[in-house]
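Work through the exercises below with the coordinates open. Each task is followed by a solution in steps.

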Amino acid sequence: MVRPYDTDCMKMALALAARGLGRVAPNPAVGCVIVREDEDAPRVVGRGWTRPGGRPHAETEALGRAGEAARGATAYVSLEPCAHHGQTPPCAQALIDAGIARVVAAIADPDPRVGGRGLALLEKAGIEVEDGVCALEAHALNEGFFLKVSDNRPLVTLKIASTLDGRTATHSGHSQWITGEAARARGHLLRATHDAIMVGSATAIVDDPELTCRLPGMADRHPIRIVADGRLRLPLTSKLVGTAKDVPLIVLTHPEGDTERRKAFEGCGVDLVDVAPDKNGVMDMRIAMEKLAERGLTRVLVEGGARLASSLIQAHLVDRLEWFRAPTLLGGDGYPAIASLGIGRVGDAPGFIHTHSMKLGDDTLSSYVFRS
């Protein structure tokens, strides 16, 4: 039976789960809160979230903090507890062994090794089970994990920083800085919550970025860097290649590139991933995303450039759009945020649903999800 405070407790579990985003792939980010029903009010006796690398699991962390207080308590878990033996014993069994009396789960685990087995195991042990509490929020939080299971690809977030008229640089190519410090800090926070950050070869060559997270206290949250570079144009002297042995760098490239150049990249610690071109001779982004999913990635943030954004949009691979707009104009001779999409009719344009906006200094961030 659903209780009045179930939703609030599950929201606590979801907030804990969010701490793992960008750090737990290929696992989902899960939160767990253990609550005792005291006479006055419910009392939290244990909490946990999936740790970096995906182990330990949230339930194990929460049970360890609760100790004997877990016996007879309710466990709120943002994803169905696992029921299979992997690197660790099943979390469902751990909840049973700890004497948990009731489990509230937000959503079933789509992993075929689980898929309802965790909840069934709990019910068989006589534990009261409720599911579906905050299910939509739980799905949104782990959408990348769900997509990896269902579509064999990661969640793709396209991040754009532009002027009001959708320009990312002047006609001479100057682009630093279109948005202000607050917007740039928010962009780094996006990096910290994704497994990888991806740019096109032109952006990597012109900007020579490091693509790291430079927020105070988050120096250990650098995502994997990815460059889509079919012809291996990225200079071996670039910051990305120069730091590849410290922060992983994947270069998506055509399989028939120059052998000596490939060896040079690999010698620098770069992970070359071959992606066959499509019928037009350009990199097939659907295949690229499948290759990234095979490497365990569930959340990819795309930061540029215009042709890469266009390719992903045309392939229906952009799930979320984070658009930072500065209150300035550059005009028609500036560089557009998105290259040609080849759209002949307005009705054929890809659509997005606005979810929320926020002010960041003088700039505005508008967030969207793809209208499927």
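This is a predicted model: local features need pLDDT of at least 70, side-chain atom pairs count only at pLDDT 80 or more; totals for chains, interfaces and linings use all residues.

**Exercise 1. The enclosed space**

Task: find how many cavities of 30 Å³ or more the structure holds, then describe the largest cavity.

Solution. 
Step 1. On a 1 Å grid over the protein atoms alone, a cavity is a set of points where a 1.4 Å probe fits but cannot get out; a pocket is an open set with protein on both sides within 12 Å along at least five of seven lines; lining residues have an atom within 4 Å of a point. Grid points are joined across faces, edges and corners, and a volume is the space filled by probe spheres set on the points.
Step 2. Count. There is one cavity of 30 Å³ or more.
Step 3. Size it. The largest cavity holds about 60 Å³ of space.
Step 4. Classify. Seven lining residues are nonpolar, six polar and two charged. Here Ala, Val, Leu, Ile, Met, Phe, Trp, Tyr, Cys and Pro count as nonpolar, Asp, Glu, Lys and Arg as charged, and the others, Gly among them, as polar.

Residues are numbered from 1 along each chain as its sequence is written, and side-chain values use heavy atoms, with hydrogens and water left out.

**Exercise 2. The whole chain**

Task: state how many helices and strands the protein chain has, and why it counts as compact as a globular protein of its length.

Solution. 
Step 1. The protein chain has 12 helices and 16 strands. Helices (H or I, at least four residues) and strands (E, at least two) are DSSP runs, numbered from the N terminus.
Step 2. The radius of gyration is 23 Å, close to the 21 Å from the globule rule for 372 residues, so the chain is as compact as a globular protein of that length. The radius is taken over C-alpha atoms, and the rule is 2.2 Å times the number of residues to the power 0.38.
Step 3. Along the principal axes, the C-alpha atoms fill a box of roughly 70 × 45 × 40 Å.
Step 4. Buried residues make up 48% of the 372. Buried means under 20% relative accessible area, exposed over 50%, partly exposed in between (1.4 Å probe, protein chains only).
Step 5. Of the contacts with a separation of 6 or more, 72% join residues 24 or more positions apart. Contact means heavy atoms within 4.5 Å.

**Exercise 3. Helix α12**

Task: which residues of α12 are buried, and what do they pack against?

Solution. 
Step 1. α12 spans residues 306–314, and its buried residues are Leu308, Ala309, Ser310, Leu312 and Ile313.
Step 2. Recall the helix geometry. An α-helix has 3.6 residues a turn, so residues three or four places apart point the same way.
Step 3. The buried residues pack against β6 (155–163), β8 (196–200), β9 (224–228), α11 (285–294) and β12 (299–304).
Step 4. Look just past the helix. His316 takes a positive phi of about 60° there, in the loop between α12 and β13. His316 is exposed, at 53% relative accessible area.

**Exercise 4. The second largest pocket**

Task: give the volume of the second largest pocket and find which element supplies the largest share of its lining.

Solution. 
Step 1. The volume is about 490 Å³.
Step 2. The lining has 21 residues, with Leu190, Arg299, Arg320, Glu322 and His356 nearest the centre.
Step 3. α5 (135–141), α7 (181–192), β13 (320–326), β15 (352–360) and β16 (363–370) each supply at least two lining residues.
Step 4. β16 gives the largest share, four residues.
Step 5. The lining divides into 10 nonpolar, six polar and five charged residues.

**Exercise 5. Backbone exceptions**

Task: where do Pro26, Pro56 and Asn152 lie?

Solution. 
Step 1. Most residues other than glycine have a negative phi, and most peptide bonds are trans.
Step 2. Ala25 and Pro26 are joined by a cis peptide bond, omega about 10°. Pro26 sits in the loop between α1 (6–17) and β1 (31–37).
Step 3. The bond from Arg55 to Pro56 is also cis, with omega near -5°. Pro56 is in the loop between β2 (42–49) and α2 (58–66).
Step 4. Asn152 has a positive phi of about 55°. Asn152 lies in the loop between α6 (143–151) and β6, and is partly exposed at 33%.
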